[in-house]
Amino acid sequence: SSSLSLRADNSTALFRKAHLLLQDGNCDEALPMLYESAWRDKKNSYQINYLIGECLLTLDKVAEATAAFELSST
């Protein structure tokens with residue numbers, strides 16, 4: 001989080017913070033960061049979309065999770 005405050009455009013730091021939040025079960029806070037990460041990092045968006053799907057499943061948003069998983073396979 002200190003790296004984000006130093007450089008708010010640091011995509012790697014944003015993704016790592018979101019991933020840590022996801023691991024802690026804090027999907028409400030992680031999800032917007034994951035969406036931003038997927039938008040910023042097009043070449044790795046398939047991996048990020050998979051994590052978005054996991055987060056959405058945790059939030060019991062099955063239809064949205066399915067769409068994210070489909071994006072992760074393309």
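Q: Where is Gly25 found?
A: Gly25 sits in the loop between α2 and α3 (27–40), where helices are DSSP runs of H or I with at least four residues, numbered from the N terminus. The model is predicted, so local features need pLDDT of at least 70 and side-chain atom pairs count only at pLDDT 80 or more, while totals for chains, interfaces and linings use all residues. Residues are numbered from 1 along each chain as its sequence is written, and side-chain values use heavy atoms, leaving out hydrogens and water.

Q: Why is Gly25 called partly exposed?
A: Its relative accessibility is 48%. Buried means under 20% relative accessible area and exposed over 50%, with partly exposed in between (1.4 Å probe, protein chains only), so Gly25 counts as partly exposed.

Q: Which residues of α2 are buried?
A: They are Ala13, Leu14, Ala18, Leu21 and Leu22.

Q: How do you know what span to expect for α2?
A: The expected span is 1.5 Å times one less than the number of residues. Helix α2 (residues 11–23) has 13 residues, and the 18 Å from its first C-alpha to its last is close to the 18 Å expected.

Q: What makes α2 and α3 roughly antiparallel?
A: The axes of α2 and α3 cross at roughly 150° and come within 8 Å. Axes are lines fitted to C-alpha atoms over the stretch in contact, with angles from 0 to 180 degrees between N-to-C directions. Angles over 145 degrees count as roughly antiparallel and those under 35 as roughly parallel, so α2 is roughly antiparallel to α3. Among the residues that make this contact are Leu14 and Ala18 of α2, and Ala30 and Met33 of α3.

Q: Why are α2 and α4 called roughly parallel?
A: Helix α2 and helix α4 (residues 45–58) pack at about 30°, with axes 11 Å apart, and that angle therefore makes them roughly parallel to each other.

Q: Which residues of α2 meet α4?
A: Phe15, His19 and Leu22 of α2 meet Ile48, Leu51, Glu54 and Cys55 of α4. Contact here means heavy atoms within 4.5 Å.

Q: What makes α3 and α4 roughly antiparallel?
A: Their packing angle is about 160°, with axes 9 Å apart, so α3 and α4 are roughly antiparallel to each other. The residues in contact include Leu31 and Tyr35 of α3, together with Asn49 and Ile52 of α4.

Notes. Helices (H or I, at least four residues) and strands (E, at least two) are DSSP runs, numbered from the N terminus. Angles under 35 degrees count as roughly parallel, over 145 as roughly antiparallel, 65 to 115 as roughly perpendicular and the rest as oblique.
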